[in-house]
Amino acid sequence: MDGRLNEPHLGRRHFLKGAGLLAISFSLSGAMPGLGRAAPAAPKLGPYGPAADELDSWIAIDTAGFATLYTGVCELGTGSHTALLQVMAEELDIAFDHAKLQPPDTNRTPDQFVSSGSRSIAYHAVPIRQAAAEARHALVAMAAEKFKVPAEQLVVENGVVSVTGAPGKHVSYGQLIGGRQFDLKVTGAVKPKDPSLHKIVGTPVHRIDIPGKVTGSFTFAQDVKVPGMLHGRVVRPPAHGASVIEIDESSIAHLPGVVKVVRKADLIGVVCHREEEAIEAARQLKVSWSAWADLPDMKDIHQKLREVPIYAPGIPAKYPGGVIAKDGDVESALTGAAKAIKATYESPYHLHGSIGPSCAVADVRPDGVTIWSATQTAYGLREAAAKFLGLANDKVRLIFAEGAGCYGQNGADDVVIDALVLSQAVGKPVRVQWMRADETGWETYKTARVTDVRGGLDADGKIVAWESNAWGFSGYSRPEYHEPKQGGEPGSLVTAQLAGWTTPGLEEGFNGIALESAPYYTVGSKHVVFNYLGPASHRQGPIRMRVGSMRGVGSPDNVFMVESFIDELAAAAGADPVEFRLKHLSDPRTIAVVKAATERAGWQPRPAHSASAENGDIRTGRGIALFGGGKETRIASIFEVEVNRKSGAIRVKKVTVAHDCGLIVNPDGVRNQIEGGVIQGISRGLMEEVTFDRSRVTSLDWASYPIITFPDVPDEIDIVLLNRPDLPAAGVGEASTKNVWAGIANAVFDATGVRLRRLPFTPERFKEALAKQA
Amino acid sequence: MTSVAVGDETAMRRIGVTVNGTLQAGEVSVRLTLADFLRQDLKLTGTHLGCEHGVCGACTILLDGRAVRACLLLAVQVDGHSVTTVEGLAPSATVLHPLQEAFCAHHGLQCGFCTPGMLTTLVEFLKDCPDPSAEEVRVAISGNICRCTGYDSIVEATLSAAANMRDGS
Ligand code: FES
Ligand code: FES
């Protein structure tokens, strides 16, 4: 990587030259824009980067007519950058191959808050679409001025503005503005295109990052190199709450390449000349730690969740006491019900399990700091880093480098603190990569969960009461707030905590973790409570297991509860699970996905576990699970499973998914995301569980934390996309994971009559449930 | 430099390896893994490290045409041999390998971190098995983990590449 990128405060003028270097990844897909062509001058930088209300903060057009989108959205390996470029190209009326992208860089791109998997397109496309529409409008006005005709007489195609009926009268965007700034505010006064006119949005364009990724030329965060860079590795405590007693530096005196052993409170690292030297030095460095063994016994975790005091300060005012929905008198409705049932659903901690361990490079110099890292929150992480170092925001620059797929908050933000501490200690740029065990042992996990549910049916099999009580820790331990707040804090990062940082982190956890816990069915009286346990980390909180957001945050657990229980109610009513659901649904879009999925899968109505003519060890069954409502994506999926009653093994053979995410920007991208979400959901549902002893997480590698491999992938995932061009694009990345666990449990019930209420559905769990039932 | 003292952390040895068709010669530490040699010394960062203990498959390269894990091999072990990394799969700077083409056309990846290992594993596989079934493709890559789970698109891409390669030969 070029040394110039190492200067903390490059103007945008320089950037386009540097871009070619970052963009070696595109070498097979065509030249980068701007090489040798004049680019506009840098926009003004506010505390959160280029101002969002300046058109030039978003779009720059060079003399050859290439438009560069400056986005604060972090690409998480889902194709969101490609989709955002589709949106810009569409509104600008340029060819897709003339749309280029500058990834997040706090000196060059506007703040676009948190890029969580499902929100990237739904939410982040809005200002981009608006800016592009206004840029087109301005360009057309310039052409109108040039040709002295009213704007209505002009048409734009592929970045060329022509006068209708006057062949030869045309001018390109490059000629109109190339290399100059618009110097306009984004006003919101221009209306973006009507979706019926879309030519690029809604089509399966090829992702811009794939060519570089198949040739190996793409620069991941793990591949960033800067001149003079040293290599670091960290040494984590062997118990979550342990503190350093002593470091024996002589234990690595015989090793080559050691530059320094660094300690800041309980954050320990080694800096070496070469990477393999740092790995060896970290492995051999003798550190004595205090004893710590305050984790609960793993088998008691769900009981312990019930005993942790509610974290009242984190519950938003609109949900006093954590009550999410209350309607009527559940107690008397249950007493009066013809039939009442109850169930408890439990799940373990889950790992994000990025394939590439987190990695960052930091260069801490007296005159400024540069950081290269993956993250979902470029500006928040920058501010967190600045606060951690005691510097002003504008002394720190964060350059986003894409990591391996993250599915939520992995160690990407944390490793930045490691890199800052090590770089500061040696006065040189230092690259720190976590080892596999650092990642699996210290990233954030999906919280373990327990939920009690009770429900009642009247004599006609209609639901008259629904009560749920859920317990779980926060889904938020990010360094940045969501909009409209801005700013970052290092306090939730476990590495900052190790380094002795005590100011608390941000607290926005309730909404995410309670998401979708209220039934989207008509249920009569209801009482839905989320007992919020607040943030938790290896170093803080009542149960020292670190929690953070993972694909869907609380939704997969909440939908597991709702969709399992609705199925249990259907069984209690002796009804077909689909008909029973439809009877209690009112949202037309949700009903539409249910119908689409059942038609596609050829669903024949009958109560679950009523058709079984099978009597060998191998049983087959089908189950439905859905969710959706409000502005969210609707999804209905049908799972077909095969269960070996003897071995307990469950195999998902086929999944049929009907999916409505509003406007579809890139159908191929949507299909990929759905498929990935379903398969990851199956993996989490069938085999994943973070294990721990009294001191620490013990599932530290892929052997102790197995995830799905090819043999367990369903034979078929059949996807029906319902496009709603009239509606805004809603989330994609998370939806298809949310209903997987219930779908499998419902299908297993159909196959065997055994109800699985505790994740993961391992062969042992199935056999336990079978034995309990017998 | 013929013998290396056991436990000597600083011993160096001279090696010569053909990497993507070019002979690379130099002194390396006897403890240096092939993956670190490729990534650090040759700047071939397309070979990714996911677990550094042989489980995930991200670091798979071709050693004399056979798919092996670069994190489990030492650089000195490949002295005199030929290594192909993901950077060496394309026949030229402007033409992709049919598998690379197919991964582009079929979205055979999401984040792409596992992709180099998938590609090298599949290049070897398609040589041995030019006309595979979907099931055979699944088995062939069952040792490579993809957390984004673009598994189905990988199978699709592989079948399409295999067909193109058969047509082309
Ligand atoms: S890094 Fe070599 S197999 Fe995982
Ligand atoms: S594409 Fe992300 S791990 Fe395979």
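Start by selecting Phe125(B), which is found in helix 3 (residues 115-128) of chain B; helices (H or I, at least four residues) and strands (E, at least two) are DSSP runs, numbered from the N terminus. Before going on, note that this is a predicted model, in which local features need pLDDT of at least 70, side-chain atom pairs count only at pLDDT 80 or more, and totals for chains, interfaces and linings use all residues. Residues are numbered from 1 along each chain as its sequence is written, chains are lettered from A and ligands numbered from 1 in the order in which they are written, and side-chain values use heavy atoms, with hydrogens and water left out.

**Stop 1: Phe125(B)**

Is Phe125(B) buried or exposed? At 14% relative accessibility, Phe125(B) counts as buried (buried means under 20% relative accessible area, exposed over 50%, partly exposed in between, with a 1.4 Å probe and protein chains only). Leaving aside neighbours within four places in sequence, show Pro132(B), Glu136(B), Val137(B) and Ala140(B), which are in contact with Phe125(B); contact means heavy atoms within 4.5 Å. Now draw a C-alpha to C-alpha distance to Arg147(B): Phe125(B) and Arg147(B) are 22 residues apart in sequence and 22 Å apart in space.

**Stop 2: two helices of chain B**

Next, select helix 2 (residues 98-105) and helix 5 (residues 151-168) of chain B, which pack at an angle of about 135 degrees with their axes 8 Å apart. Axes are lines fitted to C-alpha atoms, for helices over the stretch in contact, and angles run from 0 to 180 degrees between N-to-C directions. Helix 2 and helix 5 of chain B are therefore oblique to each other (angles under 35 degrees count as roughly parallel, over 145 as roughly antiparallel, 65 to 115 as roughly perpendicular and the rest as oblique).

Show the side chains here. Helix 2 of chain B brings Pro98(B), Leu99(B), Ala102(B) and Phe103(B), and these meet residues of helix 5 of chain B including Ile154(B), Ala157(B) and Met165(B).

**Stop 3: where the chains meet**

Colour the model by chain. How many residues of chain B are in contact with chain A? There are 50, and they are in contact with 64 residues of chain A. Chain B and chain A bury about 4,800 Å² between them, 56% of it on carbon and sulfur atoms; buried area is the accessible area (1.4 Å probe) that two parts lose on being put together, summed over both. Pick out His107(B), Arg138(B) and Arg147(B), which supply 19% of the area that chain B buries against chain A, more than any other three residues.

Stay here and select Lys213(A), in helix 5 (residues 210-215) of chain A. Lys213(A) counts as buried at 2% relative accessibility. Beyond its neighbours within four places in sequence, Lys213(A) is in contact with residues of both chains, among them Phe218(A), Glu402(A), Leu109(B) and Cys111(B).

**Stop 4: helix 6 of chain A**

Select residues 275-284 of chain A. Glu275(A), Glu276(A), Glu277(A) and Glu280(A) are among the buried residues. What covers the buried residues includes strand 9 (230-235) and strand 20 (430-433) of chain A, together with helix 1 (34-41) of chain B.

**Stop 5: Ala419(A)**

Finish at Ala419(A), in helix 10 (residues 414-426) of chain A, which counts as buried at 0% relative accessibility. The C-alpha atoms of Ala419(A) and Val361(A) are separated by 6.1 Å, although the two residues are 58 residues apart along the chain.
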